[in-house]
Amino acid sequence: MKKLSARRRHPLAALVVLLLALAATGGLYAAFAPADKAQADVAAQSLAIDEGKKLFAVGCSSCHGLNGQGSSDGPSLVGVGSASVDFQVGTGRMPAQQPGAQVPRKKNIYSQAEIDQLAAFVASLGPGPVTPTKEQYTSTNPDDISKGGELFRTNCAQCHNFAGQGGALTKGKYAPALEGVDAKHIYEAMQTGPQQMPSFPDTTMPEEQKKQIVAFVRHTTNDEPNPGGLTLGSLGPVTEGLFGWIFGLGTLIAVAIWVAAHTTKAKKS
Amino acid sequence: MSSASSTTSGAAKPASTRAKPANKWEAAADWTDGRLGIYSLAKANLRKIFPDHWSFMLGEICLYTFVIIILTGVYLTLFFKPSMAEVVYNGSYVPLKGIGMSEAYASTVDISFEVRGGLLIRQIHHWAALVFVAAMLVHMMRVFFTGAFRKPREINWVFGFLLLVLGMFDGFFGYSLPDDLLSGTGIRFMEGAILAVPLVGTYVQMFLFGGEFPGHDIVPRFFTIHVLLIPGIMLGLLVAHLILVFYHKHTQWAGPGKTEKNVVGMPLMPVYMAKAGGFFFLVFGLIAAISAIATINPIWAYGPYRPDQVSTDAQPDWYMGFSEGLIRVMPGWEVGLWGHTLNLGVFIPLMIFPLVLVSIAVYPFIEGWITGDKREHHILDRPRNAPVRTALGAAWISLYLVLLVGGGNDLFATHLHLSINSITYFVRVGFFAVPVITFIITKRWCLGLQRRDKEKVLHGRETGVIKRLPHGEFVEVHAQLPQKDLYKLTAHEQIQPVELPAQTDENGVAAKSGLLNRTRAKLSRGFYGGGSQIPKPTSEEHHEITSGHGHH
């Protein structure tokens, strides 16, 4: 220790300390930093962000601003997360066709790779809900359907209708029908609360329950053959009444006219 | 053995005036007649004449659907458990597995999925109910527009009206029984309406539900009302309705040989026995086919009722739809009175609901009072020949339809891409404006048709043949109508407005004519005055034109 202490005033001492500190930092970093693959991910991620930014500039920036900061025509996208982008672009809602009461679902023109790039860019603007993985929204437990049904009737049916057929909201807005919607998109809608919909973050509705709701919606709108015959849209008594009047009573009156027109005529003899 | 017994019976009544029965059927008929008097009944009624027209079969549709409802309803009671006890579902329908529900709901799901033919019977029951009430409404409109409610049939009109109202309510109670999410929402709606009644509302609610909503009593109570009380009353009214149809004899359209004192048509036996019997099977077959094709009230999809859950598209069946419309379009007014809340937003619609129904029920009596007509009428009016009546009926229907639009405003919004707010505003204005507009248009329409009839009687029908006269003029050749058509177009009687009693009595002293009399005279002018009917052609006019002096 004396040797070290004697040389602490040496002109090169500071340099040696600096070198040692750098080596220690570098060594520690090398030891603890994520492996090569992670480094490649970072590179790919920044590439995706770059690509996403270009796509964003073309397709989205006219309303949301060049940096997603929002404008008078569209909200800020800082903090909406990748799940929002995946939902909005994946269901064709964004880019929006025209302003109106509500942006409708339409044909999606982006590939999933492009959507992921856009999502990466928007996610880089600020932390938000992350696109779910397949395990998160795919249920394997058959009991999930009935549990999801109960949750659906408590949280969703008042707007989306008992069978996920959608319903009216004020002033031309509506809750869309859930028929043919991807499980991932249903999950993302609950995470992010698009348009009129409230969001159901994991703090109010745990992942497990979202997965159950997805299982119920998929089962009800897609998998299940209806036991009673034609569903008439699963819209409740209004369509039933219309059907009853037209095909029930309407046909019966036609039959009555037919019966009345065919009668025994008194023979003239 | 048989020969021995026949000898005995032959020996037992040698004094009988009747010939010995030819076979055992005649013997059985004799036996029955001796105890029930069926021969005289049959003699009086089997050859009863009924006129033939498709619109006279609307009542038959009501009768047959009612029979179908009773038959299928009995089957359903064998499996339905009217109980609100909690059970956990463990049947074959996966999306309900492990969910807590009432026994009423669980047993209805079991009827749908476990009981053989249960779902089909349920759907027949429900579809038949929808068609039943619709047919009653159309039947009532037929009677209304043809004036078949006039003396002597006013009481039967009221019986029919009561059947309609009871049918509507029994339908509502049936809709409420399965205790699914939709029916529970309907009961909640009804509870809200009861609570909105000032003073007694809360007491009535507590009495009906046996405590706070939903309690455990409402389904069993509704069950008794649905399967016993109302059907029992309806059955009685139905029999009375039919007895009166026999007693009054059926009305008929005007035509050659048809008078107020006869009925022209065909006998019950065998023609109408065959036609009506066949028609029953056509009705049953059609309802069964519809029930096999289309779902009605998929209670399994609604889920069990829980007061904290609700689905959109929660509407009543169509016949209660106008009450839903009244509630939906009424502004949510509330006033505080002496520390109590008066919920006008619900109470006013609740009061208008019976008014809409009663306004059509009392019409025959109002018309009878205005015309002062005490004669019997068995010949039907053509709707155009009673323009004000027809216009009033059309206005009533338009009001009903506007309210139905109000009741389904959310579906009109989503399916026609409209704003639900705009629809609601439209219905608010339309509630007052549409019936008035309908009245004016319908009345003008009727008058136009009357003018057309007059034209046809006097000038014949247009043949489409164009002739050129020697001096170059073109005319269309008109052909005279056959005598029987002329009769149909001119058979109706045109009522003249009542006159006010003389303003002064024989001594020249001013007499009080009374507000009631003045109102009556005014209404009578409105109904039958110059602006409300076109004078029908007289035989002199007809003779004048067809005698050859005219140039047609």
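**Reading chains A and B**

Tutor: In this predicted model, the order of elements in chain A from the N terminus is α-α-α-α-α-α-α-α-α-β-β-α-α-α.

Student: How many helices and strands does chain A have?

Tutor: Chain A holds twelve helices and two strands.

Student: Is chain A spread out or a compact globule?

Tutor: One sets the radius of gyration against the globule rule for the chain length. For the 269 residues of chain A the rule gives 18 Å, but the radius of gyration is 31 Å, well over that value, so chain A is more spread out than a compact globule. The C-alpha trace of chain A spans about 150 × 45 × 30 Å along its principal axes.

Student: What share of chain A is buried?

Tutor: Of its 269 residues, 37% count as buried. As for contacts within chain A between residues at least 6 apart in sequence, 66% of them join residues at least 24 apart.

Student: How many residues of chain A are in contact with chain B?

Tutor: The size of an interface is often given as the accessible area lost when the parts come together. Here there are residue counts instead: 53 residues of chain A contact 61 residues of chain B. On the chain A side, at least two residues each come from helix H8 (144-155), helix H9 (157-160), strand S1 (167-168), helix H11 (207-223) and helix H12 (237-261). H12(A) gives the largest share, 17 residues. By type, the side of chain A that touches chain B has 25 nonpolar, 23 polar and five charged residues.

Student: Which domains are assigned in chain B?

Tutor: The domain assignment gives domain 1 (49-323) and domain 2 (382-499 + 512-552). The C-alpha centres of these two domains of chain B are 35 Å apart. Their contact takes 13 residues from domain 1 and 17 residues from domain 2. Helix H6 (118-145) and helix H13 (321-329) of chain B each supply at least two residues of the domain 1 side, and the largest share of that side, three residues, comes from H6(B). The domain 1 side divides into six nonpolar, six polar and one charged.

Student: How many residues of H2(B) are buried?

Tutor: The count is zero among its 13 residues, and H2(B) is hardly covered. Just after H2(B), B:Gly37 has a positive phi of about 65°.

Conventions: Residues are numbered from 1 along each chain as its sequence is written. Chains are lettered from A and ligands numbered from 1 in the order in which they are written. This is a predicted model: local features need pLDDT of at least 70, side-chain atom pairs count only at pLDDT 80 or more; totals for chains, interfaces and linings use all residues. A residue is buried if 20 or more other C-beta atoms lie within 10 Å of its own, exposed if 12 or fewer, and partly exposed in between; C-beta atoms are placed from the backbone. Helices (H or I, at least four residues) and strands (E, at least two) are DSSP runs, numbered from the N terminus. The radius of gyration is taken over C-alpha atoms; the globule rule is 2.2 Å times the number of residues to the power 0.38. Two residues are in contact if their C-beta atoms, placed from the backbone, lie within 7 Å. Ala, Val, Leu, Ile, Met, Phe, Trp, Tyr, Cys and Pro count as nonpolar, Asp, Glu, Lys and Arg as charged, and the others, Gly among them, as polar. Domain bounds come from an automatic or database domain assignment.
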